Amino acid sequence: MTAAVAEASADALSEGLEGAREILRRTFGHAEFRGLQAPVITEVLAGRSAMAVLPTGGGKSVCYQIPSLMRPGLGLVVSPLIALMSDQVAGLQQAGVAAARLDSNIEPEEKAETWRRIEAGELDLLYISPEGLMQPWMLERLSRVPLALIAIDEAHCVSQWGHDFRPEYRMLGRLADLFPNVPRLAVTATADARTRDDIRAELRLENTPEFVDSFARPELVLSAERKRGAAHKRVVELVTARPDRSGVVYAGSRDGVDKLAQSLRDAGVPALAYHAGLDKAVRNQRLEKFLEADAAVMVATIAFGMGVDKPDVRFVIHADAPASIEAYWQEIGRAGRDGDLAEGITLYGAADMSWALRRISERDMDPAVKQVQVGKVRQLYALLDGTGCRAATVRRYFGEEGVEACGQCDLCTGQVDLTDATEAAQKALSAAHRLGGRYGRGRLVDHLLAKTKEPSDFETSLSTWGIGQDLSANAWRDLVEQLLFEGLLREDPNDGRPLVGVGDAAAVKAVFRGERRVQIQTRAEAPAKARRTRKAGGRDAIAVSPADQALFDALRAWRSREAKSQHVPPYLIFHDRTLTEIASVKPGSRAALERVNGVGEGKLARYGEAVLEVVGGFA
Ligand code: ADP
Ligand code: ZN
């Protein structure tokens with residue numbers, strides 16, 4: 001290529017990007033590209049395939065939506081869930097974009113109309129599931145339509161190394177041969193290096209550029225604590241301390257979800273429960289209720305999650321530990337999508353860890369995959385029970401380099417004190433050894449204190465009976481937990497009545513010889529106020545000033561009426577962020593309103609008059 005040609009094509013590209021920026025402004029109402037959006041869009045506009053790993057809330061969707069609007073032909077978006085598709089399609093329609101979806105929930109007449117629009121070239125974006133797309137008749141029919149691009153959303157679903165493997169994604173590799181001239185874009189929010197390689201191999205994207213943004217989510221304030229006593233009490237405490245906010249509470253089992261939701265309702269929190277054991281209609285109804293509420297708490301298993309793009313979720317609490325760091329980041333990541341501060345709080349225990357390890361050992365899979373899964377569980381607990389910045393640990397896990405501490409997680413703001421407990425550990429290990437793995441934790445602690453109810457002669461005859469009276473029952477429970485995390489004790493889940501025995505023999509021996517020290521952590525919490533005053537790095541933290549509160553409330557009330565009448569979630573009309581900006585700027589004209597972030601041409605045409613009227617009432 002001569003210099004002149006190179007320059008000309010660079011010009012064409014930057015013109016393409018100018019056009020893309022124009023659409024970003026006019027259609028989506030955003031002033032500038034964010035993160036890696038511009039380079040990804042440039043690549044796809046040039047007709048090349050790519051893979052993009054951008055954090056949740058980073059704006060993955062415009063990376064394929066804008067090129068679909070600019071390139072000739074239909075943009076196909078492959079997505080794993082109907083909820084995800086319907087949310088995006090409804091959002092695009094609000095912005096005035098010609099978008100539709102084809103899935104099993106769509107009525108025949110609507111399907112026929114969608115096909116008519118596809119074949120007449122009237123549609124810009126079509127959302128479809130992988131199994132829907134890969135049906136022979138569908139591929140045949142689409143092969144006769146010009147395609148702008150094929151986007152594969154949630155691309156980590158193709159990899160068994162990822163955290164949400166979906167076998168139907170595997171078929172998508174064939175798209176490379178079926179549509180050799182159509183650019184394909186794989187996007188996901190969470191994939192470590194191994195998963196990324198796997199995605200590229202499976203989707204036949206080996207020789208395409210990879211855009212990996214930072215995994216930082218500066219709007220998320222992370223914390224984790226060991227479970228002590230009844231975990232559900234702690235969850236009720238945490239939730240009631242956060243009134244008038246939307247949140248998600250994840251629990252490990254359906255039964256746990258139902259009970260926790262009930263405890264919250266008993267405490268006056270209107271909590272909804274969601275899990276796969278509920279009727280589909282009930283689930284949909286509750287999901288809708290959650291999305292449409294200004295403040296709602298959903299208690300759920302991980303069946304609830306992907307596709308829940310409610311932007312104003314202010315906290316995610318894990319009542320039981322998640323399954324891996326990927327799952328942790330994905331689940332916590334559902335908070336704060338609008339870029340405002342949000343919290344991720346995790347409760348965890350050694351029992352959660354034993355369960356996770358046990359589940360893997362029972363699963364029928366390749367030993368190599370098993371080994372990786374075990375490693376992932378260990379890494380998760382090293383994060384949860386560790387002493388270094390949580391956000392930084394996650395980012396390093398995903399392969400980021402040069403990561404700095406976040407300055408706002410519980411470990412950055414609080415302090416961890418370590419106390420030597422080797423001698424007490426020797427007593428506990430010796431007792432567990434003598435009891436021979438026959439009893440649970442409670443009875444082990446009672447044994448050390450000589451408080452066992454109706455002890456057997458065997459128990460009272462042991463030299464360890466009552467040797468621990470210098471410490472409290474709580475201190476022993478904490479120590480036992482610590483020993484379990486370190487693998488010095490081992491817990492056999494025993495179908496819900498766990499039994500404690502000694503763990504790794506060599507390590508235990510080293511403790512007895514005093515070669516290995518055991519330390520107990522105590523975490524001092526920073527005073528809540530000192531926690532968060534600065535603005536979240538990256539995006540500005542926003543807040544309604546007291547003077548603007550009444551206008552903000554009026555705008556919210558208007559939005560709520562509008563949402564109800566259209567039967568869509570309020571955030572599809574405007575985000576809280578946009579309403580906050582309107583309340584502060586108080587635009588007096590359409591031109592001024594259009595300058596507000598999140599107000600594009602489509603929304604201006606639809607809602608401009610109504611919003612100006614509400615603002616006018618406060619002039
Ligand atoms: P995700 O990457 O999690 O799929 P989305 O595509 O849903 O993220 O975008 C998250 C939010 O960020 C949306 O509300 C979207 O409108 C907004 N957004 C996307 N791009 C920009 C941008 N360049 N500037 C401001 N907001 C943006
Ligand atoms: Zn930190």
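**Entry 1: a cysteine to start with**

I looked up C406 first. C406 counts as partly exposed because its relative accessibility is 21%. I noted the scale: buried is under 20% relative accessible area, exposed is over 50%, and partly exposed is in between (1.4 Å probe, protein chains only). This is a predicted model, in which local features need pLDDT of at least 70, side-chain atom pairs count only at pLDDT 80 or more, and totals for chains, interfaces and linings use all residues. Residues are numbered from 1 along each chain as its sequence is written, chains are lettered from A and ligands numbered from 1 in the order written, and side-chain values use heavy atoms, without hydrogens and water.

**Entry 2: the zinc ion**

Which atoms coordinate the zinc ion (ligand 2)? I found the SG atoms of C389, C406, C409 and C412, at 2.3 to 2.4 Å. Donors are N, O and S atoms within 2.8 Å of the metal (3.2 Å for Na, K and Ca); water is not among the atoms, so sites may look incomplete. In sequence, I read the spacing of the donor residues as C-x16-C-x2-C-x2-C.

Why is the arrangement tetrahedral? The 4 donor atoms subtend angles of 103 to 120 degrees, which makes it so. Four donors count as tetrahedral if all angles lie between 85 and 135 degrees. I also checked C412: it is partly exposed, with a relative accessible area of 29%.

**Entry 3: ligand 1**

I listed 15 residues around ligand 1; E32, G57, K60, S61 and R337 come nearest. A residue is near if one of its heavy atoms lies within 4 Å. By class, I noted 3 nonpolar, 8 polar and 4 charged residues in this shell.

Then I looked up single atom pairs. A side-chain N or O atom of Q37 is 2.9 Å from a nitrogen atom of ligand 1. An oxygen atom of ligand 1 lies 3.1 Å from a backbone N or O atom of G59. For K60, a polar side-chain atom lies 2.7 Å from an oxygen atom of ligand 1. On its own, ligand 1 has 570 Å² of accessible area, and the protein covers 81% of that. Such areas come from the Shrake-Rupley method with a 1.4 Å probe.

**Entry 4: two more residues**

Is L483 buried or exposed? L483 is buried, because its relative accessibility is 0%. I placed L483 in helix α21 (residues 473-485). L483 and A428 are 55 residues apart in sequence, yet 9.0 Å apart in space, C-alpha to C-alpha.

Last, I turned to E219, in the loop between β7 (210-212) and β8 (220-226). E219 is buried, at 2% relative accessible area.

Notes:
Tetrahedral: all angles 85-135°; square planar, octahedral: opposite > 155°, others 65-115°. Polar contact = N/O pair within 3.5 Å; in protein donor to acceptor, adjacent residues only side chain to side chain. Nonpolar A, V, L, I, M, F, W, Y, C, P; charged D, E, K, R; others polar. Helix = DSSP H or I, 4+ residues; strand = E, 2+ residues; numbered from the N terminus.
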